[in-house]
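This briefing concerns a single predicted model, to be read alongside its sequence and coordinates. Please consult the structure shown here before turning to the points that follow.

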Amino acid sequence: MSFNQVYQYNFPTTIRFGAGVVNELAAYLTANNLERPLVVSDPNVVQLDFFKAITSGLAAKGISVEVFSKIHKNPVKSDVYLGTDAFDATNRDSIIGIGGGAALDVARAIVLRVHHREDLFKYDDLIGGDVYVTGDVPHFITIPTTAGTGSEVGRSAIIADDDTHQKKILFSPKLLAKIVFADPLLTMDLPAHITAATGMDALTHNMEAYLAKMEHPMCEGIALEGISLIHQSLEDAVLKPDQENKSKMLIASLMGAVAFQKGLGVVHSLAHPMSSLLDTHHGLANAVNIPYGMTFNIPGSEHKFKRIADVLELKEKTGEAVVSYLHGLNERISIPRRLREVGVNESHLDTLADLAIADFAHPNNPRPVSRNDFRQLYQEAL
Ligand SMILES: [Fe+2]
């Protein structure tokens, strides 16, 4: 990188990390004079024992809790409007997001909407809408329940149009949580296939961030350590979960999301269209595509793959060795090797390629990706 330029680096979120930190929530709210949080989650998480323990624990301390969980797996604008109605109707003073990426994205979009009431997509970052995010935002707290998206430390929310399913990005540094309570105990009972898919999403964030073309040595350092932690823990977190491997995965997913402010790449652009078109789980879509996307990325980035291979403790310090590691890891944690095994067929490939070239992630890929490249990568992975 050039040290003759000026850069700006932002790492401002307070993260309380470790087993049991979620029990600090009531004291934190009280210390910040917050008495009426809107808790935003998803329909599955609200059924779980730990969720009920969190909300009843707050109620026992005299905190008024309103839960909003009517959200879609891939969140849409009307989810955000309904959640904001709930915030207004019950006179809330703060927002707590508890869940995976979808719940935290909706929570973050409600944080925006509370004091920004133009059409939600006016704030779409891809059309420069972030400049309209000028007002106050309510106090925002995040509590992740998966180790994957890292949305808890993010500053953007991906929300789709209800009708067109086109994804918009709401972005502003104001949308960062004030504090994250990252408690690995909340991830202990995740089903193995979710641990596997979300874990591969975290690995994809760290690898794509490390390779992304923007200069950012701090993010690169974090990404390499994130890759190392996932190498140490993902397989065990899937096959024989314990507090240590779950903790490593949770911090590595946070690190991936901190690192990907540097950018993502071709793998996310291959994955996003599968969620839009076929409702494929985001982590699963990344997991199946990552070996193919990384193969594409080797030319020109050999020096970086050498460092990734180092971190992965591979004998051969090459991109090809990294790719075969990814295939092997996927196999050991029961991720399918082929797109056809997750519902993609030949007739989808042109539409997927059209959507992928329009996606926001690949412009930061180290090697430029054309529509033909996307078509070919899908074909290879099929
Ligand atoms: Fe992702």
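In which loop is N91 found? In this predicted model, N91 is found in the loop that lies between helix 3 and strand 4.

- Most residues other than glycine have a negative phi.
- N91 is not a glycine, yet its phi is positive, at about 55 degrees.
- E313, another residue other than glycine, has a positive phi near 60 degrees.
- The position of E313 is in the loop between helix 10 (302-311) and helix 11.

**The parallel sheet and the helices across it**

- An open sheet is formed by six strands, with parallel pairing and the strand order 1-8-5-4-2-3.
- Strand 1 (14-17) and strand 3 (66-68) are the edge strands; each has a single partner strand, so one side of each has no neighbour in the sheet.
- From one strand to the next, the twist averages 20 degrees.
- Within this sheet, strand 2 (residues 37-40) pairs with strand 4 (residues 94-99) in the parallel sense, over four bridges.
- L38 has I95 of strand 4 as its bridge partner.
- Helix 3 (residues 77-89) lies across strand 2, strand 3 and strand 4, and runs at about 170 degrees to strand 3.
- Helix 4 (residues 101-114) lies across strand 2, strand 3, strand 4 and strand 5 (139-144). The direction of helix 4 is at about 165 degrees to strand 4.

**The antiparallel hairpin**

- Strand 6 (residues 156-160) and strand 7 are joined by five bridges in the antiparallel sense.
- The bridge partner of I159 in strand 7 is K168, and that of A160 is K167.
- Six residues lie between the two strands of this hairpin, in which H165 adopts a positive phi near 65 degrees.

**Packing of helix 9 and helix 11**

- Two packed helices are described by the angle between their axes and the distance between the axes.
- For helix 9 (residues 282-297) and helix 11 (residues 319-332), the angle is about 170 degrees and the axes are 9 Å apart.
- Because angles over 145 degrees count as roughly antiparallel, helix 9 is roughly antiparallel to helix 11.
- Helix 9 contributes A287, I290, P291, Y292, M294 and T295 to the contact, while helix 11 contributes V323, L326, H327 and N330.
- The contact of helix 9 with helix 11 comprises seven nonpolar and three polar residues, with no charged residues.

**The cavity**

- How many cavities of 30 Å³ or more are counted? The count comes to one.
- The largest cavity has a volume of about 50 Å³.
- Its lining consists of A147, T187, L190, T195, T198, A237, K246 and M249.
- Helix 5 (192-211) and helix 7 (243-259) are the elements that give two or more residues to the lining of the largest cavity.
- By class, four of the residues lining the largest cavity are nonpolar, three are polar and one is charged.

**The second largest pocket**

- The second largest pocket has a volume of about 370 Å³.
- The lining of the second largest pocket has 15 residues, and those nearest its centre are Q166, K167, S276, L355 and A358.
- Strand 7 (167-171) and helix 8 (266-278) are the elements that supply two or more residues to the lining of the second largest pocket.
- Which element provides the largest share of that lining? The largest share, four residues, comes from helix 8.
- The lining of the second largest pocket is divided into six nonpolar, five polar and four charged residues.
- K167 links two of the topics above: K167 is the bridge partner of A160, and K167 is also among the residues nearest the centre of the second largest pocket.

Methods. Residues are numbered from 1 along each chain as its sequence is written. This is a predicted model: local features need pLDDT of at least 70, side-chain atom pairs count only at pLDDT 80 or more; totals for chains, interfaces and linings use all residues. Side-chain values use heavy atoms; hydrogens and water are left out. On a 1 Å grid over the protein atoms alone, a cavity is a set of points where a 1.4 Å probe fits but cannot get out, and a pocket is an open set with protein on both sides within 12 Å along at least five of seven lines; lining residues have an atom within 4 Å of a point. Grid points are joined across faces, edges and corners, and a volume is the space filled by probe spheres set on the points. Ala, Val, Leu, Ile, Met, Phe, Trp, Tyr, Cys and Pro count as nonpolar, Asp, Glu, Lys and Arg as charged, and the others, Gly among them, as polar. Two strands pair if DSSP finds at least two bridges between them. Axes are lines fitted to C-alpha atoms, for helices over the stretch in contact, and angles run from 0 to 180 degrees between N-to-C directions. Angles under 35 degrees count as roughly parallel, over 145 as roughly antiparallel, 65 to 115 as roughly perpendicular and the rest as oblique. Contact means heavy atoms within 4.5 Å.
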